[in-house]
Structures are given as C-alpha cells and as structure tokens.
Amino acid sequence: MTSPLTPVLSDTWDADQSWTLETYRAHGGYGALAKALDLEPAGIIQTVKDSGLRGRGGAGFPTGMKWGFLPPDDGGPRYLVVNADESEPGTCKDIPLMMAAPHSLIEGVAITSYAIGCTHAFIYVRGEVVHVYRRLLNAVQEAYDAGLLGKNALGEGVDLDVTVHAGAGAYICGEETALLDSLEGRRGQPRLKPPFPAVAGLYARPTVVNNVESIASVPAIVERGADWFTSMGTEKSAGFGLFSLSGHVVRPGQYEAPLGITLRELLDMAGGVRPGHELKFWTPGGSSTPLFTAEHLDVPLDYESVGAAGSMLGTRALQIFDDSVCVVRAVARWTEFYAHESCGKCTPCREGTFWLEQVLARIENGTGVPEDLDVLLDVCENILGRAFCALGDGATSPITSSVQLFREEYEAHITGGGCPFDRAAAELFERKRPAVAGSEVEG
Amino acid sequence: MTTEAYSRGPACSYDDETYRRLADDAAQIVARYPEPRSALLPMLHLVQAEESYVSRDGIAFCAERLGLTPAQVSAVATFYTQYKRHPNGRYTVGVCTNTLCAVMGGDTIFDELSEHLDVGHDQTTEDGKITLERVECNAACDFAPVVMVNWEFFDNQNPETAKRLADSLRLGEDVTPTRGASTVATFQEVSRVLAGFPDGRADEGVGASGATLAGLRLARENDWRAPEEAAPSDVDAAPGEGDVPPRTGGAQSSAESKESDK
C-alpha cells in the first residue's frame, strides 16, 4: 500500500542548507552516480525505459525512449540540455526543486550524460530567478571541486562539463527547439521538426532535451530500480511527481504524490478550497491545458485519465479558482500572455493570439457583440493544429474549454455591458482602500 | 584574466579600460561554450550590468567580440524582455499579473504601487530607484500574489507590504526576500550574476519555505514515505546519519517556522 504522499525529490528540502553538496551527500546523494558508473550505459537506458518515466515538463513523452532515439555514436559530440525554463502559467515545481536541492538535478545530469555518451551538458534556466541560478552555479562548482564533474568524472578519460545558462525572459524558450536556438545565441524561435533534436539538436548535433524534474528523478530510479518506481502510480503513468496546488486553496504548495492521485484527495490534504467558497474551475496542468470543474474532482491525475476527460496532465500545475472568479477575466489574461509571448514566427499564432486578445478584451469590458463568441471559436479553430509549435495550440485551450463550460458567463458580459464580478472578492487579502495619499517618501 | 591583444571597431565608445575589462569577461563567457555565439545571451546580461541597459555601445561591443553585425545582436536583444532598452532603475519591482497572481490580488497590488510611485509599467521613478513592471508567471504560484525585486522572490504580498517594500527600496534600506539572498542586490549586480559570474551569495537564505514544504510537512506528520524509504544501504552517509530524519528548523531551514505563510 503506497502512502498518499511519497516524498523522494522533496525529501531533503527541509534539511539545513539543503542545497549544499555536504547535505545532499549526508542523505545518500551521489550514491546513484557511483552505482551508475559501474553499469553499462545501455543498461541505464534500459532501466529508465523499464521504469516508464515520462517527461515531467508537460508532454509526457517516455524519457528512456527519448534517449534511445539518439543515433549510433559517430565520434562527434552529443549533448544533454536540461530545460529549466519553467514558465507555463501555474507551473512552480522546478524552481523550488532547484532552489532547495540543485544537486539532485546535477546528479541526474551526470548519470544521464554517462548513459547517452554526453561530455558537455547544459542547464538552461530562466533568467528571472537569480537565486536559483546562484544555487545552480554553486552546486556545479561544488561538484567540480569534488571530482564529480570535470576531468575523468565519468571514468578514465571521460570528462563531463556542465554549463548553467541563464535565459532572458521568453516563455517560448520552454519549447525545446526554441530553447536550443536561444542557447545558440539566437532569438528563441521553434525549429521545423523533423529533424528532431535527437538527430540534429544543439549545434546540429544529437541532443537530448529533458525537463528538470525528469532528470532529477533519474538518480532515484537508478538507485532503487525500475520496479520500485513502477510500484507507484498507474500502469501507464508510473512513479511519483510534484503536484503544485495554487490559488483558492487553504494550504497551497508542492505535494509529491504517485501519479493517479485525484484533486479531491489533494484538496483534502491541502485543507480544501477557501472557506465559504466552492470550486469553480481549475487547470490540471497549467494554463495550456483545457479547464476542468468540480465535475472532474475524481479524475485520476495521470496522463491517460486526464486525456480521456478532455484535458492534459501537463505539468501538474493545479490552479484552483473558486466561485468569486470571473472566468472571462482569467481567460482574457492568459490570452494576453500568449499574445505577448508568441514569437511571431508563424501567422496563425502571431495574428490569431493578437485578435483573440482584442476580442476578449472587449467582451470583458462590456463592449462585445453576440457574434464575438463565434469569432473567438473560429479563430481558435484556425490556430489549433495550424500553428508552428504548441504555444498556439495552448493559447486556444483555455478559450475553447471555458466557452464550452461557461458560455452563459461570456454572454452575460456581452448582454450586461461588462463584468458582473467583484474583483476584491477573489483577492487573498482585505482591501484597505482608499489608499492614504501624501505618505510618499522621496529617496 | 586574459591579456590577449584585441581589436576594436569604431562603433563602441567604451573607454579602453572598460572595453578591455569587458573583453576579458566576454572571453571567459565564450570559453563556456563549444561555439562562441552561445555567449551572446550572457554577454547581453554583462553589458546590462555595465550600464543598466543594453545600449548601442553594448550592442556594438557584443557584435565586435562575437563577429556578428549590430543588427544580428539587436534582433536578439529585442526578443527577450529582461534586456532593457533604456536605463533601468536601481531596482526592478515586478508585480506578477498573470492570471493566478492577478486574480489573487496582483492587479490591485500593481495598481496601488503604480499610484504610490506615480509610474506605470516599464517606467522608472524620478529618483532612479525603482522601475515598475508587470511580469509574467514567475513560477511561484503557490506563493501568490508574488512580487519580484531584481528577480528575487517576495511571496504572499498585499498592497501594503508591497508599498512598504517600495518605500524601503527608495530610502536605501536593506530588504530581505522571502526566498533568496539575505538582501537584494542592485539591478546591475544581479545582471552580472546572470552573465554567469557568481557573487558568492548562494549560501544565503533558505532552501525552502512555506508552501514549498506544505506536502513534505504533511508527509512527515503522518509518516508517509515512498516505498522502502528506510533502506539507503550502500551510500556513504555520515556515521549515525544514515536513517535518521533530516535535521530541520535550523537557521537556514524554515521547516518549522511559519513566518512566511501569513
């Protein structure tokens, strides 16, 4: 019988100076790397395949299979690039992981590099989290100093270098090929696929791009085995993951649990929805995943079940909105985000998100017309499946799902001349308006 | 570090001393990558550390050092929101106004701060202290509403705490992020860190606090573990520490403290 919560990645987060090599080692850290270096690389890839670990960055592609797509060694370099550009709205798991336990990622990087034959790995972390970048730089330096990275790190004559690279503020760089272009010093725009990164990735060389949580899960799998991992979760969605609860919930935060847990169970643990309110809508995996409602409280949060219920598990970013929240306002704001972050490369996304933003703005401010809902859905239809990358598809998810679930609320904005909701009611603090004027201090 | 001869073109007007110092830094950045152009993003952070924004000189400098045209560098610099096109304040105060934070109160925080400081989005106070911004989701949704100061986390904010924070920054008082270094470095200092030059402050602050530990606290209270949790067999754990729970609640662990929950 598995416990409701299964802290593995988060298990050291409450230790004193949890981010240091000393603390990590005191809890068994780098034991998995030592074990891995005694194994054949192919055996490690097989273990990760057998574990059923699927990409934790949203898409859920089997991690071991991704590694297996690399072409045979041709003597040239091959790269591991960790996607630490966490920026999908609602997603907040990799940043705390790297803040609290950067060595779990570095150890995963070392093991993965050994398994795929990489001697120079990169961690691409978003630039807007300077302390996380400090912790990563520091952890890499500690690992070099301890001989875990650098000369002969992966065996006699096999070096491993790790470069931690800070981005500069662009959501699109979370898309793996845009990330590679950005890492090459270009605008972060997605590439045509195929060729996939496994064949022609960083500097057109074979490259594996994996999410932080995926790579950080590798040491535990190597240490304790594929069977241990599959003893948690469901048959097709094995193992554990970080579930991030945010919004109108009593105790928001990170809950590391086997895949297949439900929102009802998670909410029970988190103290429930804000007292005096009911759950109205939620995202199972970030803003790019179609909205769910209270009807979906018992959907097992695994890849298959969430998909069958009409959404996506995504990054397990569970944003909870109670009955005080206007769905039009929420969706309009997400749409502004997609329009702002659209890289401009393809027409459906660049133009489509621009118009979606305009139409939603006028619905929200009460100047919409009845035809606007059809326009919204039509534009969405012209983006979905026609955009160059998943950003465009993601932009349509909150719109189409919310119109389906809350059409009458949209109509009320149009016929009622504006938003019927009180913004203050949704806020987590008491408003103290009017603000006291005249207290400004000139520095 | 390196003292190799360098050639410089006419487009960048940095004085020789500045140019030479930055060229040495740039050489260190380039050395981190198999291909020089990968150094461009960190180099843009570097020139921003010099002047608080990416100036024409900064663009010319990057272009010269990497053998690119200024147009190529500009195209990259203007793509990313962290690169500033005009001089930045000493502190960037970024209020998250993406949906979740906005709804939880970020919109009101931004509005009140904007009124309090008398500046709008991407504008700088007259004293040059604060550049106010609306920022997108900064991966701290479980701490909403969130305010970032020079890319350090100030969690669980409200309009009053945010205004006090801004006042302190303008008065030159030290402020302490909820999760981050023990004080907030200046925008230019932080930009230099983002160029990959550590400032020695990684060991400041907590590892995790508040919401980050919500699930772990509950698991500890109920003794919930992953299967076969208590079997770290072949690891070189320190004597006596192999199977005891990690020490918590120390100076840099807020595992037992709840000050940031409120």
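Student: In which loop of chain B is the place of B:Pro145?

Tutor: This is a predicted model. The peptide bond from B:Ala144 to B:Pro145 is cis, with omega near -5°. As for its place in chain B, B:Pro145 is in the loop between β3 (130-135) and β4 (147-149).

Student: Which residues of chain A does a cis peptide bond join?

Tutor: Most peptide bonds are trans. In chain A, a proline found in the loop between α8 and β4 (207-211) is A:Pro194. The cis bond has an omega of about -5°, and the residues it joins are A:Lys193 and A:Pro194.

Student: What is the phi of B:Asp118?

Tutor: Most residues other than glycine have a negative phi. B:Asp118 sits in the loop between α5 (99-117) and β2 (123-124) of chain B. B:Asp118 is not a glycine, yet its phi is positive, at about 60°.

Student: How is chain A divided into domains, and how far apart do the C-alpha centres of domain 1 and domain 2 of chain A lie?

Tutor: Chain A has domain 1 (9-230), domain 2 (240-322) and domain 3 (327-426). For domain 1 and domain 2 of chain A, the distance between the C-alpha centres is 27 Å.

Student: What area do domain 1 of chain A and domain 2 of chain A bury between them?

Tutor: The contact involves 22 residues of domain 1 of chain A and 18 residues of domain 2 of chain A. Carbon and sulfur atoms hold 53% of the buried area between these two domains. The area that domain 1 and domain 2 of chain A bury is about 1600 Å².

Student: Which residue forms a salt bridge with A:Glu304?

Tutor: Between domain 1 of chain A and domain 2 of chain A the count is 2 salt bridges. A salt bridge needs a nitrogen and an oxygen within 4 Å. For A:Glu304 the closest N and O atoms are 2.7 Å apart, and the partner is A:Arg54.

Student: Which elements give two or more residues to the side of domain 1 of chain A that touches domain 2 of chain A?

Tutor: Domain 1 and domain 2 of chain A have 15 residue pairs in polar contact, both residues at pLDDT 80 or more. By class, the side of domain 1 that touches domain 2 has 9 nonpolar, 8 polar and 5 charged residues. The elements of chain A that give two or more residues to this side are α5 (94-100), α9 (212-224) and α10 (226-230).

Student: Why is the pair of A:Tyr171 and A:Tyr338 edge-to-face?

Tutor: The count over all chains is 20 aromatic pairs. The ring centres of A:Tyr171 and A:Tyr338 are 6.2 Å apart, and planes over 60 degrees apart count as edge-to-face. The planes of these two rings are at 70°, so the pair is edge-to-face.

Student: How many residues apart in sequence are the parts that the pair of A:Tyr171 and A:Tyr338 ties together?

Tutor: A:Tyr171 lies in the loop between β3 (161-166) and α8 (176-183) of chain A. A:Tyr338 lies in helix α13 (residues 327-341) of chain A, so the pair ties together parts whose separation in sequence is 167 residues.

Student: What is the area buried between chain A and chain B?

Tutor: The contact takes 106 residues from chain A and 104 residues from chain B. Carbon and sulfur atoms give 56% of the area buried between the two chains. The area itself is about 8300 Å².

Student: How many salt bridges does the rule find across the interface of chain A and chain B?

Tutor: B:Glu152 forms a salt bridge with A:Arg134, with the closest N and O atoms 2.9 Å apart. A:Arg423 forms a salt bridge with B:Asp107, with the closest N and O atoms 3.3 Å apart. Across the interface of chain A and chain B, the number of salt bridges is 7.

Student: How many salt bridges are there across the interface of domain 2 of chain B and domain 3 of chain B?

Tutor: Chain B is assigned domain 1 (16-77), domain 2 (91-194) and domain 3 (206-225 + 246-262). The contact takes 5 residues from domain 2 and 7 residues from domain 3 of chain B. The area buried between domain 2 and domain 3 of chain B is about 480 Å². Across this interface the number of salt bridges is 0.

Key. Residues numbered from 1 in each chain as written. Chains lettered and ligands numbered in written order. Predicted model: local features only at pLDDT ≥ 70, side-chain atom pairs only at ≥ 80, totals over all residues. Heavy atoms only, no water. Domains from an automatic or database assignment. Contact = heavy atoms within 4.5 Å. Buried area = accessible area lost by both parts, 1.4 Å probe. Salt bridge = Lys/Arg side-chain N within 4 Å of Asp/Glu carboxyl O. Polar contact = N/O pair within 3.5 Å; in protein donor to acceptor, adjacent residues only side chain to side chain. Helix = DSSP H or I, 4+ residues; strand = E, 2+ residues; numbered from the N terminus. Nonpolar A, V, L, I, M, F, W, Y, C, P; charged D, E, K, R; others polar. Phe/Tyr/Trp six-rings, centres within 6.5 Å; stacked < 30°, edge-to-face > 60°.
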